[in-house]
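Here are some notes to read alongside the model, written for someone new to looking at structures. Take the points in order and find each residue on screen as you go.

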Amino acid sequence: MSWDDAVDQVLAGDLTGALGYRTPAGGVVVQAVAPIGLRDRERGRIGFTTSLGFSKKLERIALDQRVCMAFHAREHGTAHGTLYALFQGSATVVEQPSVAERAHVQRQAIQYLGEGRTGPFWDRWLREYYRSRVPVWIDVDRLSTWATLDCAGAPVVSGEPLPDPPEPQRAPGKGVGPRVDVGRVAKRLRATAHTLVGFAGADGRPVVLPVAVAADDAAGLVLSAVWPPPAGGRRAGLLGHSYRSQLIGLRTRQYTGWLTVGDDGAMRYAPHTETGYVAPPNKTLLLLLNGALAKRGVRAAR
């Protein structure tokens, strides 16, 4: 796999990407990650960085390496244009990076996210956050691109051909209806700049595409999109997020739930679980929060 210069400038310039990874029940979780320009065009792989302190997604990836990453947002980066790029492939977590790999990640992180903090307090507080930061590489099997960020029209596909639309999934034993307050979910998602839905394709690989919240009622969210969703019901993840320069001032809402698409293409989403956070638009406060979360995550992982 390889890609052209237009795609490469997106990889080099976008500040964030939407990672889709599988759940044991056959659904997909969608999470915003920092790609920090990690890519190897000759070897056909892209990457992102994360902390072992935030281990849940890494545990899921270890169980099922099928992932995707969508480059869907141009704010605060150096890339231009409206190209939407969806990479699908297999992920590998570099649990013990070499000295050279750590140095490369650190240089890239400084370039995209700014200088960190050093000194007696910060060295101790951010120890887990920095020392446990690792790259995750995705060996790309398929690349789908759209000319516009709303994914209108047919994609241009490189690598493996697109499979047929996926078959509907079996409904969960607890039912398909909402399990969290739909009105609250709708309000929180409308407060974010980007909303994306993720589900498994017919080949099992996650697919992440943009949607908008058109309406809501007691039965769930009504989603709208210009791309054709697969008919039937399935487990799906939903992500709403906003960010500022250097990924400061984050607002993230993450959901798992049930997506139903009628014969007319109408999409309805019933949220089952909800997580999220709002990070302060201040680098010092953000690092204090990241340090605390990484320490807690490392303790839990151990």
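1. Contact here means heavy atoms within 4.5 Å. Keep in mind, too, that this is a predicted model.

2. Next, have a look at the second largest pocket, whose volume is about 470 Å³. It is lined by 23 residues, and the closest to its centre are Leu-162, Phe-199, Val-207, Leu-209 and Pro-228. Strands S6 (84-93), S7 (133-146) and S10 (206-210) are the elements that give two or more residues to the lining. The largest share, three residues, comes from S7. What classes of residue make up the lining of this pocket? The lining has 16 nonpolar, four polar and three charged residues.

3. Now turn to a pair of strands. Strand S1 (residues 17-22) pairs with S2 in the antiparallel sense, over six bridges. The two form a hairpin with five residues between them, and Gly-26 in the turn has a positive phi of about 100°. Why is strand S2 (residues 28-33) described as largely enclosed by the rest of the structure? Because five of its six residues are buried.

4. A word on backbone angles. Most residues other than glycine have a negative phi. Two residues in this model are worth checking against that. Ile-36, which is not a glycine, has a positive phi of about 40°. Ile-36 sits in the loop between S2 and S3. Is Ile-36 buried or exposed? Its relative accessibility is 1%, and the cut-off for buried is under 20%, so Ile-36 counts as buried.

5. The other one is Gln-246, again not a glycine, with a positive phi of about 60°. You will find Gln-246 in the loop between strand S13 (232-242) and strand S14 (251-261). With a relative accessible area of 34%, Gln-246 is partly exposed.

6. Finally, visit the loop between strand S3 (39-40) and strand S4 (45-51), where Glu-42 lies. Glu-42 is exposed, as its relative accessible area is 80%. Between the C-alpha atoms of Glu-42 and Gln-108 there are 19 Å, and the two residues are 66 residues apart along the chain.

7. Arg-41 lies in the loop between S3 and S4 too. At 28% relative accessibility, Arg-41 counts as partly exposed. Which residues does Arg-41 touch, not counting those up to four places away in sequence? They are Met-1, Ser-2, Trp-3, Asp-4, Asp-5 and Asp-8. Arg-41 and Met-1 are 40 residues apart along the chain, and their C-alpha atoms are separated by 8.2 Å.

Note on methods
Residues numbered from 1 in each chain as written. Predicted model: local features only at pLDDT ≥ 70, side-chain atom pairs only at ≥ 80, totals over all residues. Heavy atoms only, no water. 1 Å grid on protein atoms, 1.4 Å probe; cavity = no way out; pocket = protein on both sides within 12 Å on 5 of 7 lines; lining within 4 Å. Points joined across faces, edges and corners; volume = space filled by probe spheres on them. Helix = DSSP H or I, 4+ residues; strand = E, 2+ residues; numbered from the N terminus. Nonpolar A, V, L, I, M, F, W, Y, C, P; charged D, E, K, R; others polar. Buried < 20%, exposed > 50% of the residue type's maximum accessible area, 1.4 Å probe, protein only. Pairing = 2+ DSSP bridges.
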